[in-house]
Structures are given as structure tokens and as C-alpha cells.
Amino acid sequence: MIWIWLMAGLFLLLLMFPILLAVYWYYHGKDSILPVRQDRRRDPRYFGKSFESLFRKAWASRKDGVLALSRAEKYLLADDLQAADYPDPCELLVVGERGELKPPPVQFEREIYAFQNARFAAGTSLRAVRTPGSLLFGKDVHIYRWADADGTVAVYDNCDLGISVTSGQAICVGKNCTFRRMYAPVIHLGSYPHLPQKPGGERKQVSCRLHDAEIKQISGRHVSRSDADENGVIQTSLVCSGDLVIDESIVVQGDVRSQGGVHLAENAVICGNLFAEGDLYLSRNSAVLGSVFTQADIHCEAGVVIGQENRVSSMIAHGHITTEEDCFVYGYISNERGGVVCPVHQFDGAEETREEQYLPEPRRETELTFATCQEFDAVDDQGFRHQTFLRRAAIPEGVKAIPDSMFFGCRSLETVVLPASLERIGEYAFADCVSLQRLDLSGLTNLRRIERSAFDGCSGLREILLPDGLEVLGTTAFANCVSLQNVRMARGGLPETIRDHCFLNCPLESAQAGTEARAEETTQKGDAFAGV
């Protein structure tokens, strides 16, 4: 009988052990914040970047014509080779170290790395290619796996683009080309490098904040001018249980969601995202300023635009994607069953021969300005995050809040001009802006709140000047500012409320509250200086 009681006691002990352990750590455990890696995100250029990382290490230690990659591999240095010197098929990794790489049209069965630009002649077949420069693929080029360039990618007619083609600048794709996935800040479909690389035609320049758009359930299957205001604008998001048709020149300021298909008529605009279960048909010169997703197929007529310049959007289909000429996608395009640009029934292949040339690099604005505060307030929820070329931003007078994540990850941002009217800096508003070195907020007498992680990860930030009226410094507001030395406030002291871990991992030499007073401040205001 005793052993039964012993077994029951042991069972209860095992049952209660996790609870007792949790209670112990609740009262005696050291308070800490869970670290978040802000640089972890899905990278559509993963193939090229990971290969380059391996290649560069191996190239620095190459010996006797062998590279130590995942295994020892011989390579072919192409700099001084003539066309006749290339084997066909070529079973060696090919490297172009000096000048433009211009191999003959043979079959390359291993990867290619070009230190500068690379041009592939008509009829070439290749496994994969990576370059910090630009790429050009002539007619009838076949890519088995992937291609990636920091510069531009120009693709001419009848090419098979394999699994993935990505670029850090822009991609221009000719006619009758097949693809699976593409990514670039701008992708021009059904065009050529010598033609204008921006959308044409007139389009209403409207935008809105998606969380301000009320959701409206559509009982019918047709959205016409009678459903819009006098300007042809529907100021809500639309939800439909079946197929949906949106008439010509209608502007929907929110999202559109449908359990069936959606037909977007000519010149119609959706300012938010478009989600559907059925087929999507986007008519001539229509636009979706957000992302597009469907479980079925997508067909884009000529002049369709997905996304906005200086934003990253997506067009994703579980079925096929077909586009006609002069379409634009700003960001990512993907389909599971194969996509085609200007398929053969729309393109007879009899057009004139064109001189093949690299795609010019798009002009990037490094300074961001706004004419009015209304123009700033009209920016969509994605804001300007991850715009690595942006160096200076000036926010107009009258703006009261910097929205959450507005400039998240703008790693080249060096200067921010903020208005005296500003009252709040939102969560993650300037997080990971590593080029900011000095933050002078002392003149912002209306600023009351700096929210959670607003400047988290600004590793170049050395000094912060805070305004007198500041009331709240949010949790981890300046965490991981690993160069931060000084925090000063004109009146002395620090704000009344400092949330936990505000200065986590900051090597502060002085805060105006006084280093001797930190223990008292920590007790009153939470563990603000944890990790200092």
C-alpha cells in the first residue's frame, strides 16, 4: 500500500514541479527583455548573396586553380579566353575578374561569378550567375536556376528565366519570356532598355492609410459609379463573397477582398491590397498600389501597375501569371505554375532586330520632402521602410505624429528635420537607421512621447538632445544604440516616465539625470538603463 502512496506523491510532485518553478522565477528571476533580431527577414536575393559569400571567401584563398567551396572545385578564369577556348558544355565554375564578362553561347553547367558586368549572347544556357554589376541576357537565353545582380538586369525576347531572377536596381523583361519568381525595386514587363522605364498614361494620384478605411460588405457583384462619390472614389475597403467587377476609373481607397475572382476595369485603382480566391483580370492601365494575391491565375493587360515607386509590393499567384506589354511591378512577383510575359499569341516574333544594351540604373532620390502635412499624412502604412538610398528626410510643419515603422531600416538616413508641431514619434519609427549620428530634439517643445523601440538599433547614434516637455520614453526606445554616449535634456533630469530597458545595451557616459542617481531612477522608473 505504501508504494501506491509513494507513486501518487511522486506523480503530484512531477505535476506541480513546472508550476513551482514558474512561481520561483516570477519572484526571484532577473528581469530581462527578449532580444529581437530586426535584420531577420525573408530575402528574395538569398541565392545570389549566399553564393557570393561562399565564393568570396574561397576566392581569397584559392590555390592552383581550385576553390574550396562546399567541396574543392576547379574554375575557369575567363579574362583572357577566346570564344574557341570555352568547352561546350562547360562543366567548370566560370569567373570573370577583369572587365565585362562576354562568354560565347555555350551551355554552362556550373555557377558563373562576374566581378563586373556580364553579357550573355543569344542561345546561351546557364545554371546560375551572380555579379555586383549588371546583367544582360540576349534572345533565347535559358537559365536553369537563378540569376542575381546588384545592378540592373536586361532580358530580351524568348528567354526562360528559370527559378529566380533578382536585382538590387531594376529588371526589364522582353516578350515571350517565361519566369517563376522575380524581384527588384522596379520590374518592367514587356519592354526594352531603350524605352522609358516609368509608367505612362494619366492616373489619379490618390493614396490613403489603410487602417482608416472602413470595411464594407458588397452584396452585389458589380461596383459602378453610383457606388462612388462625385470624384469616382469609394472611401472604404470592399469585401465580396463571390466574383466582383469594379468599373472603369473607379478608385477604391482601401483593400478589396473576394472569395471569387476580381475584374478590375480600365484605369481603375485600388489604393490598398487585392486578395482573391479566384482569377484576377486587371484591365489596361489599371493599378493596385498595394500587393496582389490569389489562389488562382492573374492576367494583366497592357499598362497595369502593381505597387508604387519606392515601395516594395508583391504580386503572387498559386496559378499562372500572364502579362501584356508595358506592365510594372514594384517589388516581388511569383507564381507556382509558370508565368509568361507577352506570350507568343500576342507576339509574332517578327519585330525588328534591336541593339542589345544594358538597362540604365534608375535615378534614386536621396532626399525626401513633402509640400504639405496633408501629403505626409497621405503616405500609406508601409511608409518608407528599408529604403537604403534615402539620406535626408524633412517632415513638414503641422505634422503631429511620425507613424509606426515609417523609416524603419533606412540604413543610409543621416539627417532628419522634424517640425515644431510634432507630438509623438511612433514605435520603430526610426529603428535600425544606423547612419544617424546626432539627434537634436531640443526645439520640439510639443513632443510628449517617444514610443517603444522608436530608435532601437541606431548603432551610429552618439548624442541625444531631448526637449523639456517630453513625458514618456517608451520601452527600448533607444535600445542597442551601441555608440550612444550622452543623453541631455535642457531642464535637467529625465522625463517623468521611462519605460523598462529604454537604454538597453547603450554605453552611456553621461545622462543628465546623473550616473550616481541611476540606481534611484531605476527603482522609480523601471530598469531603464539595463545593459549600460
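Glu 397 is in contact (heavy atoms within 4.5 Å) with Cys 373, Pro 419, Ala 420 and Ser 421, leaving aside its neighbours within four places in sequence. This is a predicted model, where local features need pLDDT of at least 70, side-chain atom pairs count only at pLDDT 80 or more, and totals for chains, interfaces and linings use all residues. Residues are numbered from 1 along each chain as its sequence is written, and side-chain values use heavy atoms, with hydrogens and water left out.

So where does Glu 397 sit? Look in the loop between β32 (392–394) and β33 (401–402); strands here are DSSP runs of E, at least two residues, numbered from the N terminus. Glu 397 counts as exposed because its relative accessibility is 51%, and exposed means over 50% (1.4 Å probe, protein chains only), with buried under 20% and partly exposed in between. Its C-alpha is 6.7 Å from that of Ala 420, a residue 23 places away in sequence.

| Backbone nitrogen | Distance from Glu 397 side chain |
|---|---|
| Ala 420 | 3.2 Å |
| Ser 421 | 2.9 Å |

Now for the cores. A nonpolar core is a set of buried Ala, Val, Leu, Ile, Met, Phe, Trp, Tyr and Cys residues joined through side-chain atoms within 4.5 Å. The largest one has 66 residues, and Phe 137, Met 182 and Ile 246 have the most contacts inside it. Strand β12 (residues 177–189) gives this core its largest share, six residues. There's also a second, separate core of 46 residues, with Ile 402, Met 406, Ala 429 and Ile 498 among them.

Methods: Helix = DSSP H or I, 4+ residues; strand = E, 2+ residues; numbered from the N terminus. Polar contact = N/O pair within 3.5 Å; in protein donor to acceptor, adjacent residues only side chain to side chain.
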